[in-house]
Amino acid sequence: QVQLVESGGGLVQAGGSLRLFCAASGSSFSIDTMAWYRQPPGKQREMVARITSSGTTTYADSVKGRFTISRDNAQNTVYLQMNSLKPEDTAVYYCNAMGFVLSAFRPYNSWGQGTQVTVSS
């Protein structure tokens, strides 16, 4: 089992910045893709940004140019730098990781517990 723990959420004024952090832990696993999703109040969860093990990134149109995803493969961590935040960015942000549990030869798809980001106008 691969566990994900997020941190870095909080309350910020519009135009401000936050940096989210997520660390993966477990035994004998590889990570292919790491991503950030978010779920605004009353809405469905949506993909915000994704990064592969080789560093290829994908962003939702709504965050392009404002958010940057990065990862440290050696530390099994992923970051989300969020700049120029808007009230519509308010949501619970979830870290996601997909890869393989090497000892069991099976894939996994793990989620963090979520961290609240609130942007005031």
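This is a predicted model: local features need pLDDT of at least 70, side-chain atom pairs count only at pLDDT 80 or more; totals for chains, interfaces and linings use all residues.
The largest nonpolar core has 31 residues, and Trp36, Leu80, Met82 and Tyr93 touch the most other members. Strands β3 (18-25), β4 (29-39), β5 (46-52), β7, β8 (77-82), β9 (91-101) and β11 (115-120) each supply at least two residues of this core. The greatest share comes from β9, with five residues. Beyond residues up to four places away in sequence, Met82 touches Gly16, Ser17, Leu18, Leu20, Arg66, Phe67, Tyr93 and Val117.

Arg66 is located in the loop between β6 (57-59) and β7 (67-72). Arg66 is buried, because its relative accessible area of 10% is under 20%. A polar atom of the Arg66 side chain lies 2.9 Å from the backbone oxygen of Ser62. Among the residues that Arg66 touches, not counting those up to four places away in sequence, are Gln81, Met82, Asn83 and Asp89.

The structure holds three aromatic pairs. Two of them are listed below.

| Pair | Centre to centre | Angle between planes | Geometry |
|---|---|---|---|
| Phe21 and Tyr79 | 5.4 Å | 50 degrees | tilted |
| Tyr37 and Trp111 | 4.9 Å | 65 degrees | edge-to-face |

Phe21 belongs to strand β3 and Tyr79 to strand β8, so their pair ties together parts that are 58 residues apart in sequence. The pair of Tyr37, in strand β4, and Trp111, in strand β10 (residues 106-111), links parts of the chain 74 residues apart. Tyr37 is buried, with a relative accessible area of 18%, whereas Trp111 is partly exposed at 36%.

Arg45 lies over the face of Trp111, at 4.7 Å from the ring centre. Arg45 also lies over the face of Tyr94, at 3.7 Å from the ring centre.

Technical notes. Residues are numbered from 1 along each chain as its sequence is written. Side-chain values use heavy atoms; hydrogens and water are left out. Helices (H or I, at least four residues) and strands (E, at least two) are DSSP runs, numbered from the N terminus. Buried means under 20% relative accessible area, exposed over 50%, partly exposed in between (1.4 Å probe, protein chains only). A polar contact is a pair of N or O atoms within 3.5 Å; within protein, one must be able to donate a hydrogen and the other to accept it, and residues adjacent in sequence count only if both atoms are side-chain atoms. Contact means heavy atoms within 4.5 Å. A nonpolar core is a set of buried Ala, Val, Leu, Ile, Met, Phe, Trp, Tyr and Cys residues joined through side-chain atoms within 4.5 Å. Rings of Phe, Tyr and Trp (its six-membered ring) pair if their centres lie within 6.5 Å; planes under 30 degrees apart count as stacked, over 60 as edge-to-face and the rest as tilted. A charge sits over a ring if NZ of Lys or CZ of Arg is within 6 Å of the ring centre and within 35 degrees of the ring normal.
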